[in-house]
Amino acid sequence: MQSIGQIVLRVVKVIAFALNFIDIQTYTSTIFTVKSTLITVTTKPTTQTWTVTLTTTTTTTTRTTTSITTTTGITCIYPFVQTPTGNCVNILIDFNNCGIVGYVCPMNYTSCSAGECSVAPSVQLTNAIPIFTAAVNGSVDDRFYNVTLPFNITLYNTTTDSVQVTTNGVLCFGKCDRIWSETALPAQEFSDTTVFAYWDDLYIFANTSQGIYYEIQGDSSNRTLIFEYYCSHYQQAKEYYHFQVVFFEDKPGIVQYIYYDISDGGITCTVGVQSSGNGPFIQYSFDQADSVMPNMTLIFDTNTGTYTKF
Ligand SMILES: [Ca+2]
């Protein structure tokens with residue numbers, strides 16, 4: 001014989017089970033509904049009657065799912081910083097990510113330099129390959145670097161598939177030199193075929209867009225090799241010397257210099273080309289005031305020993 005209390009308890013368990021079962025069915029993918037059931041058993045001593053009160057509370061909770069996508073396999077080493085799309089950008093020189101990812105320099109600036117918007121010139125080559133870049137490599141003075149070329153270039157009687165690129169505006173087809181004090185041509189320090197695009201005591205300052213870059217343009221047999229210098233002068237961080245040296249695969253004997261920014265007008269530089277330390281040579285200028293100006297182009301033809309100025 002079950003007592004009233006046992007019967008009530010059994011009823012409560014059945015109801016509770018039923019309610020729990022309902023709870024399970026109300027689950028949806030985005031809304032999770034919880035029904036909590038409060039069962040109160042009250043004894044009224046005066047009547048000896050059991051009253052069962054079922055209080056059902058429905059709580060609706062919205063589930064918010066946060067998805068965090070982490071791109072793996074890419075390591076950006078400062079000054080390169082990863083963007084939300086996974087690219088590495090150089091925040092010291094990137095016009096569209098200057099100083100911090102996503103900060104675009106206003107239109108009245110021309111470049112991002114050392115992490116700040118600047119009116120200094122920017123690198124012209126669109127796919128520049130760095131030979132030396134200040135933002136990564138720091139400052140440099142009076143050095144040269146070997147660059148292996150994808151095709152042969154020729155000046156005078158010398159054909160080469162590599163050049164020594166100096167930080168003082170000189171490119172050597174053979175033996176090279178760090179000498180920073182320019183002289184008239186022929187310069188005996190350079191015993192092999194040498195290009196003097198802008199021989200001066202140039203200097204690359206750390207944490208700027210400055211550097212020496214190159215790029216190959218065009219199709220096979222008709223390619224163009226372009227070196228780009230973007231430097232300052234030794235102890236003259238606010239001076240800019242920005243120019244390109246261009247070789248043409250289908251035009252042996254020809255080299256072209258294009259000048260963008262020349263702060264001192266060429267008064268302390270030598271411009272020309274020579275076959276050896278004893279010549280022959282073609283000299284355009286030597287320490288000549290206002291001889292090298294922005295937007296000027298020189299083409300040297302070592303086949304004829306002449307140059308053309310535009
Ligand atoms: Ca120098």
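Residues are called buried under 20% relative accessible area, exposed over 50% and partly exposed in between, computed with a 1.4 Å probe on protein chains only. The model shown is predicted: local features need pLDDT of at least 70, side-chain atom pairs count only at pLDDT 80 or more, and totals for chains, interfaces and linings use all residues. Residues are numbered from 1 along each chain as its sequence is written, and side-chain values use heavy atoms, with hydrogens and water left out.

**View 1. Overview of the protein.**
The protein contains two helices and 21 strands; helices (H or I, at least four residues) and strands (E, at least two) are DSSP runs, numbered from the N terminus. Of its 310 residues, 43% are buried. The accessible surface amounts to about 16500 Å², and carbon and sulfur atoms account for 54% of this area; the areas come from the Shrake-Rupley method with a 1.4 Å probe. A contact requires heavy atoms within 4.5 Å. Among contacts between residues at least 6 apart in sequence, 50% join residues at least 24 apart.

Asp141 belongs to strand 8 (residues 140–141) and Asn168 to the loop between strand 10 (158–166) and strand 11 (170–172), so the pair ties together parts that are 27 residues apart in sequence. Asp141 is partly exposed, at 24% relative accessible area, whereas Asn168 is buried, at 2%.

Two strands are taken to pair if DSSP finds at least two bridges between them. Strand 10 and strand 11 run antiparallel and are joined by two bridges. Gln164 has Cys172 in strand 11 as its bridge partner.

Nine bridges pair strand 15 (residues 224–233) with strand 16 (residues 236–248) in the antiparallel sense. Glu228 has Gln244 in strand 16 as its bridge partner. Two residues separate the strands of this hairpin, and Gln235 in the turn has a positive phi of about 60 degrees. Strand 16 also pairs with strand 17 (residues 254–262), in the antiparallel sense over seven bridges. Here Val246 stands opposite Gln256 in strand 17. The hairpin of strand 16 and strand 17 has five residues between the strands, and Gly253 takes a positive phi near 90 degrees.

**View 2. The nonpolar cores.**
A nonpolar core is a set of buried Ala, Val, Leu, Ile, Met, Phe, Trp, Tyr and Cys residues joined through side-chain atoms within 4.5 Å. The largest core has 43 residues, of which Val195, Phe227 and Tyr257 touch the most other members. Strand 9 (residues 144–155) supplies the largest share of this core, six residues. A further core lies apart from it and has nine residues, among them Ile179, Ala187, Phe190 and Trp199. Beyond neighbours within four places in sequence, the contacts of Tyr257 include Val195, Phe196, Gln244, Val271, Met296 and Phe300.

**View 3. The loop between strand 4 and strand 5.**
Cys105 is located in the loop between strand 4 (88–90) and strand 5 (111–113), and is buried, with a relative accessible area of 2%. Not counting residues up to four places away in sequence, Cys105 touches Phe95, Cys98, Ser111, Cys112 and Cys117. The C-alpha atoms of Cys105 and Ser118 are separated by 8.5 Å, and the two residues are 13 apart along the chain. Asn96 lies in the loop between strand 4 and strand 5 and is partly exposed, with a relative accessible area of 42%. Not counting residues up to four places away in sequence, Asn96 touches Gly102, Tyr103 and Val104. Asn96 and Cys112, 16 residues apart in sequence, are 8.3 Å apart in space, C-alpha to C-alpha.
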